[in-house]
Amino acid sequence: MTSLFRVYLDASLILRVTIALVLGLAAGLLGGETLAAWVAPLGDQLLRLLKFLIVPIVLFTLIVGINQAELGRLGRMGGKVFVYYVVTSALAIVVGLAVASLLSPGSGMTLDDSASVAVPDNPGIVSVLLSIVPSNIVAALAEPNLLGIIFTAFVFGIALLKLRQRGAATQGDAQSDDRTQGELAEKLYGVIEGLNAVTMKVMAGVLQFVPIGVFAIVTGTVAKQGLGTILSLGSMVLVLYLALAVHLLLYCVLMKGFGVRLGAFFREARTPMATAFATQSSSGTLPLTLNAAQRLGLPRSLYAFSLPLGATVNMDGAAIRIAISAVFAANVAGIPLDLTDMLEIVLIGTLTSIGTAGVPGAGIVMIATVFAQVGLPIETVALLTSIDALVGMGCTALNVTGDLTGSAIIARSEARSSDAAVAQEPAA
């Protein structure tokens, strides 16, 4: 038994996760819901462990990352992150519309007028923007409100950096208040850095449980969906996964253009991608995504900010889902989409994918919001909920990949800027 456990630990994580995905698929089809109920607690435990790590990882990693960079550089990177997220979300909707218009999913199907679905309220962009500043820090940590945690870490991280810089600038003045505060700030930074190291050590242990939890989650998902559901809406699922593949190819082109080594990137990215595929949770996969960024050698000051923010607001996979769902609904209802409708879907879909950040059932909220604005029948949302898990798996995996891609591209962009600045410096 000990030797078997040793073999398990010695195998690479992605190999174990891949085997877990395959075994979960087989177990879900053969064992059905009875087996799924037996192993369900293991999947729940994985999600609990990953969520357990989110707050300390985001809080400590971001504070430490901010204190390893200059404020001007942080602002420049933040602007690049924002532009990347908006542009790729809009591009994802264009890709989805193009692929769906070409392959016409839903053609020949009829709409069931009796179908209904409860759609959660869309909080809107204003509400999401207001939630960035938490009225109660403890509540933000307890929920957890990722945007609120990022804001808290950012504010306190910058304040800590300013105190350390002032303390360093007044080293020769023994009576200076700035020097005293700088010394206290250095001690506090050392404590936070230690807490961050401890958190990473805990995460290393949690990683060993990931394949077991993935097996349980995939088993339950496949058992609940069944072959009947998959086959009945197979065209919709296939078209969506094809669009996801096209967008993934665009990521590869972008990374290649910026000099990112694709082999090294996917070697580290495949574990969070596979985990996101199984768990359908970008936020839950965040500890693994941050770990992948660290192993890729990306600047901590960049990924500590870009990845938590991306897990909340960057939803390229969900944007593709909006586009394909809209074409699917139009085909089922016999309502052709003209160019104006498609442009409206691009605009509203991009804004909605940000405006529903952190909302339970966000995928359904986004689709229903876009349908209401464009004039598509809401009844088709009920039809789409039957494949929600199958669709969500692929979309979440692409969301996580997009977050990592953006961080890798911006890291290369920053490196090029630094090289250019060094080259322009006059020789001594």
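This is a predicted model: local features need pLDDT of at least 70, side-chain atom pairs count only at pLDDT 80 or more; totals for chains, interfaces and linings use all residues.
**Exercise 1. Find where helix α2 bends, and by how much.**

Solution. Helix α2 bends by about 120 degrees at G32, where the bend is the angle between axes fitted to the seven residues ending there and the seven starting there. Residues are numbered from 1 along each chain as its sequence is written, and side-chain values use heavy atoms, with hydrogens and water left out.

Next, consider the span of this helix. Helix α2 covers residues 13-66, which is 54 residues, yet its end C-alpha atoms are only 30 Å apart, short of the 80 Å that a straight helix would reach at 1.5 Å a residue; the expected span is 1.5 Å times one less than the number of residues.

**Exercise 2. Describe how α2 packs against α10.**

Solution. Begin with the geometry: α2 and helix α10 (residues 262-279) pack at an angle of about 35 degrees, with their axes 9 Å apart. Axes here are lines fitted to C-alpha atoms, for helices over the stretch in contact, and angles run from 0 to 180 degrees between N-to-C directions.

Then list the partners, taking contact as heavy atoms within 4.5 Å. From α2 come L13, I14, V17, L21, L46, L47 and L50, and from α10 come R270, T271, A274, T275, F277, A278 and T279. These residues divide into 10 nonpolar, three polar and one charged, where Ala, Val, Leu, Ile, Met, Phe, Trp, Tyr, Cys and Pro count as nonpolar, Asp, Glu, Lys and Arg as charged, and the others, Gly among them, as polar.

**Exercise 3. Work out which residues join α7 to α11.**

Solution. The axes of α7 (residues 177-207) and α11 (residues 286-295) come within 11 Å and cross at roughly 110 degrees. In α7, M200, M203 and L207 meet P287, L288, N291 and Q294 in α11. The residues of this contact comprise five nonpolar, two polar and no charged.

How values were computed
Helices (H or I, at least four residues) and strands (E, at least two) are DSSP runs, numbered from the N terminus.
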